[in-house]
Every structure is written in structure tokens, then in C-alpha cells.
Amino acid sequence: MRTIIEPFRVKVVEPIRMTTREERDAYLKEVWYNLFLLRSENVIIDLLTDSGTAAMSSEQWAAIMRGDESYAGSSSFYRFEAVVHDLYGFKHIIPTHQGRAAERILFSVMCKPGQIVPNNTHFDTTRANIEYTGAEAMDLPIPAFYEPSVYHPFKGNMDAEQLRTLIGRLGPGRIPLVMLTVTSNSGGGQPVSMANIREVKEVCSRYGIPLYLDACRFAENAYFIKLREKGYEDKSVEEIAREMFSLVDGCTMSAKKDGLANIGGFLCTNDDLLAQQEKDLLILTEGFPTYGGLAGRDLDAIAVGLREVLQEDYLQYRFASINYLGRHISDGGVPIVEPPGGHAIFIDAKAMLPHIPPEQYPGQALAVELYREAGIRSCEIGSVMLAQRNPCGDGEKPAAMELVRLAIPHRVFTQSHIDYVIEAILQVHERRETIRGYSIVYQPPFLRHFSARFEPYDEASAAKRKPAYATSIVA
Ligand SMILES: *Cc1c(COP(=O)(O)O)cnc(C)c1O
């Protein structure tokens, strides 16, 4: 059969409340055109993030009932630990309430002010947690990463030559660890090849620097390797994932992504001394090492989710569905980041709305129109989220790209939901020349995208305002 179907049946349904365009116009005004401030009940198709939004399976719900809520030595922990140990292979497995808690603990233990942590591209919580220790987070992607329309099978790869030069210049003492984010979230869910992991590991080994994976979407990355890297076509995704982990010294993980759970994360390492220091810190803020900020039932749900996400018919359907969305809008003339990533489609708003300058936030304008048109919530990943303030106070430096992310939650939407999204995007594309930009009328000192207020752009009032600094954290 050529038709790829959802490899699951629906057992529980959650009604979607349909809204009219007039209602949505009013909601947009109420929330100052900031989609983070919408009530989810007023959203028809929520593509804000795939993080923690997965539909759990009947096996996960059954596992939830098995949860052991003992404070110490919970059997849920041992079930969770056994699965992570089997798939990831690390010696020490430390649960945390979500990915960023694992990051905070790892970097608190490993980083000092003045040091540098290279990554293919840091996710924003990773960057923020590194910079909080006084170290610097540095991105070393390959050049194709910054060109949305250019096809590259492993656009998430790190530029290993640049890494070699950097270590040669600074000396290994300045670099406490190197990370690879699989898949690279910030740039469209683009994968990293096994050859690249191996090459980066060789560079690190030569200088005695540990290599860690930011492993949030390890299963999607492994499936890309199976589909695109020579020599892996006949290996199972599980074998490929094991090989990825066997090449590195540890990892951070958000179970809200490829753990198919609604909450959770963990930190892994093979280093006994580090593990002890990490557990000491864990007790301070997350909890005892056999629960680490999670309920026993959450650990059980993750244990089941980590195995389910490696099922190849599931990954085949997920990629087919995301590709279907990408191909249909791209065939209709909508510029997207090529090729489609593992968890999302990114629309290139700069190319779609060339008449809106970055200072008027084309990504935000497009996200607002998708909501107005059809109640679809997406996420701007452009200058609203990533612009940098001029240190002297006035103005800001626009982000490198103006993207709108349509993240697909795991197992939540069917083919007809995706068809609805395609129709809406094509309709908005049809009237793209009538879309206008926005200005920010209120913003907090940091993480502005969560609470900023916008108004449709108008020249006279914009002249009076001075945008300020922003960094970002979004899942
Ligand atoms: C989501 C994410 C994180 C942070 O995980 P949380 O569970 O949201 O704290 C870190 N890195 C990447 C690549 C992510 O996608």
C-alpha cells in the first residue's frame, strides 16, 4: 500500500471548540496580538509546540496506574532507569522535572566564567543556562544552516573544522564540554549525521574534552540517519540511536519531546565524580535522585514513551505527515525551510512577506494572520524572539532569519487537521500583499515574546518608541 496511515486508533477524544473569524478578531485585540496570551480553548489547531503536548498511548496510561509514589527507591524509577540504560547506555541516569533542569545542573557543575561551550546550535534554554554560569554559548553550524531554501541532508551538522580551529586557538582548558543538539531545534529540526557525531567526537577526544548530546529528538534524528546516511538503511532506528549515544560521554534530555510524555527530563553521564556532584545539586532543587522532581507515574510514562517513539511505523507516519504539510504549502508557493524537519515546518516569513521589514516583525504578522484565518496557533521564531538590543539603548539588531514554526504535536492531529492547516496557509498566502507589520507597545526586559504587546504598525506612533533588549526561552 502506498497510503501511509496513522498507526493508531482514537480511544479518547478531546473536543475542539470552533470559533468564528469575528470572535478571533476580538481575541487578538484582547491579547494585544500575542498568541502566547490566548486561552487554548480559543485555538482550533494548536501548533505552538510539540513539547509536552503528545497524546499518551493506552500503554502509557496503564503505566501511570503502576506508578510507585514512594519518596525513595520507587520501583517506577528502576523501570525508568532500566529503559534509559538499555537505550542510551550511560552509567548514571538522573531524572529531572524537564530538560532545562538537566541543563542547569550539568552546566553548574561543568562551566566556569570565561569558558566557551560550542554546539551545532544551542537551543535557547541551553544558551541561557550556560550564560547564567558566566560561560559563553557558541554556535558552530555548517554554512548551509543559515540558508532556508538550500537543501542539505544533514543541515544540523556542526562545522568540525571551525571547532578544531577554535580549540587550537583557545586551548582545551577554555572548553569544558562540546554539545551536539539532535535534531537542531532552533534551525528547523534538522538532523546531525552519524559521520558528523563521529568527527566531532574525534576532535574532542584529541583534546580530552567531553562531548554531550542535547538528545531531545534523538529518535527523529536516528530515523533521518536511517533514511539519508549511507550504510544505515538496514539498521533499526533503535540500533542507530544506541550507536549515537555510544559515541558521546553524556546527554541532556527533555522527555516532553521524544519521551512522548507531558513532563520530565533527565541527565546522563559516564563520569562517577560528575554524577555525584550532579546528584548533590539535584537534591537541592529537584528532589531525591530516584524521582528528581517527577511523580513516580511520570517516570513510568516516560519509560514506555521512550520505547514507543522508536517504532518505525510511527516515525514513518510522523515524517510523512510533516512532509505532506511542507510539500503542499511549498507547491502552493509558500517559502519554507528546506528540507522539512523532524518535528515542524518552518515558514520563511522574510521571503513570504518581503514588504514588511524585520523591524515590523514579519513572522509575528504571519502568525497573527494564521490565527485570524483559521484559529491556528504557530510560533514566531524571528526578531520578536531573537533580536539583539543595541547596548547603547536605542534600536535592535534583527534576527538572522524571520521564521514561523508549525510544530506538530505527537499523535494528536489527523490527516484532515493537516489538510485544514494547508488550506488556511494557502489562503493567507493568497492575500499576503495586504498583510501589515506590527510594532511592540510593551515589552519586559527579557524573554519578551511571552508577554510583549503589539499593535498594527503605524508610522507616526512607531517613531516615538524605542525597542529594548530581549532574549528568549520557548520549548
Ligand atoms: C525543549 C528543548 C530543551 C529544553 O527542554 P524543556 O523540557 O523544555 O526544559 C532543550 N533542548 C532542546 C533541543 C529542546 O528542544
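**Exercise 1.** Into how many nonpolar, polar and charged residues does the lining of the largest pocket divide?

*Solution.* The model is predicted, with local features needing pLDDT of at least 70 and side-chain atom pairs pLDDT 80 or more, while totals for chains, interfaces and linings use all residues. Residues are numbered from 1 along each chain as its sequence is written, and side-chain values use heavy atoms, without hydrogens and water.

Step 1. A pocket is an open set of points on a 1 Å grid over the protein atoms alone, where a 1.4 Å probe fits, with protein on both sides within 12 Å along at least five of seven lines; lining residues have an atom within 4 Å of a point.

Step 2. Ala, Val, Leu, Ile, Met, Phe, Trp, Tyr, Cys and Pro count as nonpolar, Asp, Glu, Lys and Arg as charged, and the others, Gly among them, as polar.

Step 3. The lining has 18 nonpolar, nine polar and eleven charged residues.

**Exercise 2.** Find which residues lie nearest the centre of the largest pocket, and which element gives the most to its lining.

*Solution.* Step 1. Of the 38 lining residues, V12, E14, A55, R411 and V412 lie nearest the centre.

Step 1. Helices are DSSP runs (H or I, at least four residues), numbered from the N terminus. The most come from α2, with three residues.

**Exercise 3.** Compare the span of α12 with the expected one.

*Solution.* Step 1. The expected span is 1.5 Å times one less than the number of residues.

Step 1. With 20 residues, α12 reaches 27 Å from its first C-alpha to its last, close to the expected 28 Å.

Definitions and conventions: Helices (H or I, at least four residues) and strands (E, at least two) are DSSP runs, numbered from the N terminus.
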